[in-house]
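Let's take a friendly walk through a protein model together. Have a look at the picture first, and then read on.

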Amino acid sequence: MTGVAEAIAISAAVSLATAGLTYLLTPTQKIQGNRLSDLTSGTSSYGSPLPWAWGKVRLPGNKIWVNYMEEVKEKNKQGKGAKVETTEYSYFGYYASAFCECPFRPVVDHDRIWMNKKLVFSRVGGAETIAEGGKFAQDYLQFYKGNPEQIINPLLQNTNPISNYTYGFPNDRAQRDLFLRAQGLNPNQLAFTPAYNHTAYLVATRLPLGDFFNALPADEAEIIASANCTVGQIVGDLFSLFFEPQRYDTSLLTTPVGGFTIDNVQAAKQVIQTLQQAYFFDVVDSNGVFKFIPLNHSRPVINLDAKNLAAHSSSAQKPLDFEIIESDPATLPSSVSVQYIDPDLNYDANTQTSQLEVKGHYNSNPISLSLPIVMSPTEAANIADRALNLAWIQRYLYKFQLPPYYLDLEPGDLVDNIFDGGAPLKITQTRVGANLILDCEAVPHDTYFWSVTRTLEQ
């Protein structure tokens, strides 16, 4: 080897040795991923009422049980000699969310589930979810329909019901039992977890929280609460809480209902009035039986004899044959707006309006109806039309008195209009006075507007 070559070789060897020594003496670079400083998962809240539901509705979940959040640490080494070490943290949640109470029947099923507005489960064809292959729910979620005999969820049963465990609590049941015994507690005496009978709820087990900002998500579910729902089903369920079946008759209320929810602390009377605004039916107490009669239901018209008008006792002054009172047009609506729940908008609110052209000196006096009912735009538009027309049709009030021969008349009955030859009249109120004289009030019963419908483009 020449002197020059030998010098180059020695220099290269020294450089390699120096580089190796420098590499060995360089400390490993450690990179920490995002980590939560607080692993508590929040608490379950008591006292929040769960809704009752009919038909198909979208309901928010109310967390009824919350366990700890699990933290998983994963280290990754990169580069020759492992000089870069990255630590990543993943988080998983355990909880249960309730959607509705089921006092009348279990829910039929659920079609979709959202978490933080992200679709995570769907039976609707072609819908995209955040999990490939649609297995998100299969892997992490279990849905209970609210059966009266449903079993206790194993996760809830096998976990001490005291809420708010922090990270580090043993997952293994044997280890958990040892932990509890070390605290002076008997694990066999702590299994107080309910089965939540008559409640439709969801249990999330080791739910990955990366898609939800590492926090427990807000749940929503599209619930099929009852199949082939009708107005009669809803009214019948409510009346069954207070009366025996023979005390009410809902057989005429056959109009389908897309979906309906109520807060279970609402008064039944208020719920019935809301349904009347949408589906136009009368409630009549007929010989101790509550009858629900749609306004468009065909029924016989009772004949009146003009000679029987102005009935009065012999000691009383003869009244007028009849009296017609017209409402001030300024008090009548010029428009009706119906706010409803639109299933085509993912159950967001929508509004349809019916407008009536009236003379300029009339007040506008708009009416707004807020209906917590799932329906199509066409259904809502026709409700608005009917409400507006009905207000104007029934602006006349007829008052008259009849002899005892007509004591069988009751609200909801139709009588012929012998007063001005118009449409039949519907009895709205009767009062029995002295000598069994019947004081009657009635309004026009012209249902022509029922057959006039409009169809909106979907």
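## Before we start

A residue is called buried when its relative accessible area is under 20%, exposed when it is over 50%, and partly exposed in between, using a 1.4 Å probe on protein chains only. Helices (H or I, at least four residues) and strands (E, at least two) are DSSP runs, numbered from the N terminus.

Please keep in mind that this is a predicted model, where local features need pLDDT of at least 70 and side-chain atom pairs count only at pLDDT 80 or more, while totals for chains, interfaces and linings use all residues. Residues are numbered from 1 along each chain as its sequence is written, and side-chain values use heavy atoms, leaving out hydrogens and water.

## The whole chain

The protein chain has seven helices and 22 strands. It is 458 residues in total, and 41% of them count as buried.

Contact means heavy atoms within 4.5 Å. Among the contacts in the protein chain with a separation of 6 or more, 73% are between residues 24 or more positions apart.

How many of the ten residues of H5 are buried? Nine of them are, so H5 is largely enclosed by the rest of the structure. The buried residues are Val 231, Gly 232, Gln 233, Ile 234, Val 235, Gly 236, Asp 237, Leu 238 and Phe 239. Their cover includes strands E2, E10 (248-249), E11 (259-263), E12 (281-286) and E13 (289-294), together with helix H6.

## How H5 meets H6

Two packed helices are described by the angle between their axes and the distance between the axes. Axes are lines fitted to C-alpha atoms, for helices over the stretch in contact, and angles run from 0 to 180 degrees between N-to-C directions. The axes of H5 (residues 231-240) and H6 (residues 268-279) come within 11 Å and cross at roughly 165°. H5 and H6 are therefore roughly antiparallel to each other; angles under 35 degrees count as roughly parallel, over 145 as roughly antiparallel, 65 to 115 as roughly perpendicular and the rest as oblique.

The crossing of H5 and H6 is left-handed, which is the term used if the near helix is turned anticlockwise from the far one by less than a right angle. On the H5 side, the contact is made by Val 231, Ile 234, Val 235, Leu 238 and Phe 239, and on the H6 side by Val 271, Ile 272, Leu 275 and Tyr 279. These residues divide into nine nonpolar, no polar and no charged. Here Ala, Val, Leu, Ile, Met, Phe, Trp, Tyr, Cys and Pro count as nonpolar, Asp, Glu, Lys and Arg as charged, and the others, Gly among them, as polar.

## Salt bridges

Side chains of opposite charge can pair when their charged atoms come close. A salt bridge is a side-chain nitrogen of Lys or Arg within 4 Å of a carboxyl oxygen of Asp or Glu. The structure holds twelve salt bridges. In one of them, Asp 111 meets Lys 56 (2.9 Å, N to O). Asp 111 lies in strand E5 (residues 109-115) and Lys 56 in strand E2 (residues 51-60), so the pair ties together parts that are 55 residues apart in sequence. Asp 111 is buried at 13% relative accessible area, while Lys 56 is partly exposed at 29%.

Asp 219 and Lys 63 also meet in a salt bridge (3.7 Å, N to O). This pair links distant parts of the chain, with Asp 219 in strand E9 (residues 219-224) and Lys 63 in strand E3 (residues 62-78), 156 residues apart. Are these two residues buried or exposed? Asp 219 is buried, and so is Lys 63. Elsewhere, Arg 58, Lys 117 and Glu 220 are linked in a network of salt bridges.

## Two backbone angles to notice

Most residues other than glycine have a negative phi, and most peptide bonds are trans. His 198 has a positive phi of about 60° although it is not a glycine. His 198 sits in the loop between helix H4 (173-182) and strand E8 (199-208), and it is partly exposed, with a relative accessible area of 35%.

Leu 436 also has a positive phi, near 60°, and is a residue other than glycine. You can find Leu 436 in the loop between strand E21 (425-432) and strand E22 (438-444). With 44% relative accessibility, Leu 436 counts as partly exposed.
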